[in-house]
Structure formats: structure tokens, C-alpha cells
Amino acid sequence: MSLNLSETPSPTFIFMDEVDSTNEEAKRRASSGEKTACWIVADRQTAGRGRRGRAWDSPSGNLMTSLLLPGPFKADRAAQLSFVSGLALLELVKQVLPDDVHSKLRLKWPNDVLIDGQKVSGILLEAASIENGEISELVIGMGVNLTQHPSDTPYPATHIGAWTLNPPTNVFAAKVLADVFTRLYDDWRLNGFEPTRANWLRHAKGLYENIEVRLETHTLKGIFEGIDSDGQLSLRLEDGSLHYVAAGDVFFPHMDGASGS
């Protein structure tokens, strides 16, 4: 689908040549009193982070952006925006790749976009501020490998330029991502999580297949049966019981290593 950016109000963008982390910049702006939604886009990060504190490779040319999103949000509702964000990244990737690559696109729980089984993007959600037990401002960090990808990741990685001769600039990609996210966010806000959940499952990698989920202390093996109404992964264990996973690293038996950042 081709988007017309003029159909929706233009979001606020802050473009930076270099920053330690777009998430950290978003949190600084929140602590300074920023109360409106804005996208922070950096050409370089000196201290990019992924999930669980992992380093996020941040070379110039790739997309590194964070959305500062005013709430309030309950914690469980905020977690659902990980799936909204994953779908937005999937749509962005789809738009900038040739049609013959679209069948290779999948989502790996909870929010990684895969091209032919290789990770091309990542997401990090963080609370910028909490008031009265609710997240008053949420930061959604998103990265896409546009022009290059790291070679030493525990999970196979790729970049957009490996699949097309004309990868987009990070500025163009950020504007498309913002437009897609706005549409998906409005749908989630108005209609609840179920449409998002159903949409996510249509693109899920490994659904009804054997997977492994690496937790902090041990690994679970079983059949991936979907996600529940909170976004938890439903895993049918080898003893037949159903186990729900709130956080973990998913990988597939035919691939070496665990998921990346």
C-alpha cells in the first residue's frame, strides 16, 4: 500500500546529527516538561541500547528514532504498543522493498521484523515518567538497518540495502514510519488490542511450530500457539500444558543462536 503523507497532520520531528541515545534524549525532553508527541531521529548514536541493556549498533545511515508519546497508560496497555510498533515497522519495511520480497517478511515475538528469517529492526519501550501508578509519558525506540547491519549478532541480521538497490534515507523512513504508526495507533486506541493482535498473528513467524524461548535462567521448548489478550506468548509445552511467557528471547530450532537486541 502506498501512503500519502499529506492525508494526516504532520507529526513533530526533531532531527539530530548525533546523540547518545534517542530514547535518552526523549526521556530528557520529558523531564524538561515536553508534553506533546514528537519523533526524535538521529543519524548516529554513541550509546544505542536494545532490549535487556544490550548494545544497539548505530552506524550513520540506518534509522534510529524514538517516539515520545504522552499518556497516561496503564502498564499492560503500554506493553501492547510493542505490537503496534512492530506492525508499523513491518509496513515500513514492506513499502521500501520490492514486491517479490514481501512474502519473506515476518514478525518474531514480540516485535522484531524478519526478512527471510533475518532480523532487520528492533524496538525498545521505556517509561519516561510515572505518576499515580501509571505511565504518564512513554518512549518507543525503533531502529531499522537500512544501509548496513552488524555481523556479530547472536541472531542473524540483515539490512534493507541487501534486498533493494535503492534503500531509503533515514529521514524518509522516519516520516513513513510516523505516518503508519499514527494510523495503527489510532486503530488500537479506538478499537482495543484485539484487531492489533489479529493483525500481528497474521504475520507471525513460527506460529503452530516448535520454537524455543530463552528466559533469564532457563529455556522453554514447545509449540507457539499465539499470543493472549495481554500480548503474552502462548507456548504448548512438551508435557501438554500451556505456558504463558511475558518476556523472553525466541528462536527457531533450525537456526543457531538466540534473538538479538
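Colleague: In which strand is Ser121 found?

Modeller: The model is a predicted one. In it, Ser121 belongs to a strand, and that strand is E7.

Colleague: Is Ser121 buried or exposed?

Modeller: A residue counts as buried when its relative accessible area is under 20%. The relative accessible area of Ser121 is 0%, so Ser121 is buried.

Colleague: Which backbone nitrogen does the side chain of Ser121 reach?

Modeller: A polar contact needs a pair of N or O atoms within 3.5 Å. The side chain of Ser121 comes to 3.3 Å from a backbone nitrogen, and that nitrogen belongs to Val113.

Colleague: Which helix gives the most to the lining of the largest pocket?

Modeller: The largest pocket has a volume of about 520 Å³. Of its 23 lining residues, the closest to the centre are Ala79, Ser82, Pro110, Ala246 and Ala247. Strands E7 (121-131) and E8 (134-144) each supply at least two residues of the lining, as does helix H2 (75-96). With 6 residues, the one that gives the most is H2.

Colleague: How many residues of that lining are nonpolar?

Modeller: The lining of the largest pocket includes 5 polar and 4 charged residues. The nonpolar residues there number 14.

Colleague: What share of the contacts with a separation of 6 or more joins residues 24 or more positions apart?

Modeller: The protein has 4 helices and 13 strands, and 51% of its 261 residues count as buried. Among contacts with a separation of 6 or more, the share from residues 24 or more positions apart is 66%.

Technical notes:
Residues are numbered from 1 along each chain as its sequence is written. This is a predicted model: local features need pLDDT of at least 70, side-chain atom pairs count only at pLDDT 80 or more; totals for chains, interfaces and linings use all residues. Side-chain values use heavy atoms; hydrogens and water are left out. On a 1 Å grid over the protein atoms alone, a cavity is a set of points where a 1.4 Å probe fits but cannot get out, and a pocket is an open set with protein on both sides within 12 Å along at least five of seven lines; lining residues have an atom within 4 Å of a point. Grid points are joined across faces, edges and corners, and a volume is the space filled by probe spheres set on the points. Ala, Val, Leu, Ile, Met, Phe, Trp, Tyr, Cys and Pro count as nonpolar, Asp, Glu, Lys and Arg as charged, and the others, Gly among them, as polar. Buried means under 20% relative accessible area, exposed over 50%, partly exposed in between (1.4 Å probe, protein chains only). Contact means heavy atoms within 4.5 Å. A polar contact is a pair of N or O atoms within 3.5 Å; within protein, one must be able to donate a hydrogen and the other to accept it, and residues adjacent in sequence count only if both atoms are side-chain atoms.
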